[in-house]
Amino acid sequence: MTTQAIAEGNPYHSILLDFEMPVMNGPDAAKEMRRRKLDPCFIIGVTGNMLLDDVQYFIHAGANAVLPKPFQYARIEELWNKNRVYDSVV
């Protein structure tokens, strides 16, 4: 979907990836998106397990940030503002 959105000239500004997903886990999906150079997409990892090793795994795989579940929308806005993503989203 991300590749198609870029090809259509309407790329995603942000993507939330859960750590555990059915086909590919979130860190592996982030790594694949970065390998395919789907920048400047802002990737937020989402997990119920905030162990340091898991957070670092997500970041090293290409996520820009990791949030614990459940998360508040305001926290995503904080990340967008901090990283100057929000202006291009709305």
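Student: Which residues does Thr2 touch, if residues up to four places away in sequence are left out?

Tutor: Thr2 touches Tyr12, Ile15, Met33 and Leu38. Contact here means heavy atoms within 4.5 Å. Keep in mind that we're looking at a predicted model.

Student: Why does Thr2 count as buried?

Tutor: Set its value against the cut-off. Buried means under 20% relative accessible area, and Thr2 comes in at 16%, so Thr2 counts as buried. You'll find Thr2 in helix H1.

Student: What makes Asp54 buried rather than exposed?

Tutor: Run the check again. Asp54 has a relative accessible area of 19%, and the cut-off for buried is under 20%, so Asp54 is buried. Asp54 sits in helix H3, where its contacts beyond four places in sequence are Phe19 and Asn49.

Student: And how do you know whether Tyr57 is buried, exposed or in between?

Tutor: Tyr57 has 34% relative accessibility. Buried would need a value under 20%, and exposed one over 50%. Since 34% falls between those limits, Tyr57 counts as partly exposed. Tyr57 is also in helix H3. Leaving out residues up to four places away, Tyr57 touches Phe19, Asn25, Pro27 and Asp28. Tyr57 and Asp28 are 29 residues apart along the chain, and their C-alpha atoms are separated by 9.6 Å.

Student: What makes Val46 count as buried?

Tutor: Val46 is at 6% relative accessibility; the limit is under 20%, so Val46 counts as buried. Val46 belongs to strand S2, residues 42-47. Beyond four places in sequence, Val46 touches Leu16, Leu17, Asp18, Phe19, Phe58, Leu67, Lys69 and Phe71.

Student: Which residues touch the most other members of the largest nonpolar core?

Tutor: That core has 13 residues, and Ile15, Leu17, Met33, Ile43 and Phe58 are the ones with the most contacts to other members. S1, H2 and helix H3 (52-61) each supply at least two residues of this core. The largest share, three residues, comes from H2.

Student: Which residues does Leu17 touch, not counting those up to four places away in sequence?

Tutor: Leu17 touches Gly26, Ala29, Ala30, Met33, Ile43, Ile44, Gly45, Val46 and Phe58.

Student: Now the largest pocket. Which residues are closest to its centre, and what volume does it have?

Tutor: The volume of the largest pocket is about 270 Å³. There are 13 lining residues, and the closest to the centre are Met1, Thr2, Ile15, Ala29 and Met33. Helix H1 (2-7), strand S1 (14-18) and helix H2 (26-35) each supply at least two residues of the lining.

Student: What classes of residue make up that lining?

Tutor: The lining has nine nonpolar, two polar and two charged residues.

Student: Which peptide bond is cis, the one from Lys69 to Pro70 included, and what is its omega?

Tutor: The bond from Lys69 to Pro70 is cis, with omega near -10°. Most peptide bonds are trans. Pro70 lies in the loop between S3 and helix H4 (73-82).

Student: How do you know which elements have the lowest and highest mean pLDDT?

Tutor: Compare the means, remembering that pLDDT is the predictor's confidence, from 0 to 100. Helix H5 (residues 86-89) has the lowest, at 50, and strand S3 (residues 65-68) the highest, at 94. For the protein, the mean pLDDT is 86, and 92% of residues reach 70 or more.

Methods
Residues are numbered from 1 along each chain as its sequence is written. This is a predicted model: local features need pLDDT of at least 70, side-chain atom pairs count only at pLDDT 80 or more; totals for chains, interfaces and linings use all residues. Side-chain values use heavy atoms; hydrogens and water are left out. On a 1 Å grid over the protein atoms alone, a cavity is a set of points where a 1.4 Å probe fits but cannot get out, and a pocket is an open set with protein on both sides within 12 Å along at least five of seven lines; lining residues have an atom within 4 Å of a point. Grid points are joined across faces, edges and corners, and a volume is the space filled by probe spheres set on the points. Helices (H or I, at least four residues) and strands (E, at least two) are DSSP runs, numbered from the N terminus. Ala, Val, Leu, Ile, Met, Phe, Trp, Tyr, Cys and Pro count as nonpolar, Asp, Glu, Lys and Arg as charged, and the others, Gly among them, as polar. A nonpolar core is a set of buried Ala, Val, Leu, Ile, Met, Phe, Trp, Tyr and Cys residues joined through side-chain atoms within 4.5 Å. Buried means under 20% relative accessible area, exposed over 50%, partly exposed in between (1.4 Å probe, protein chains only).
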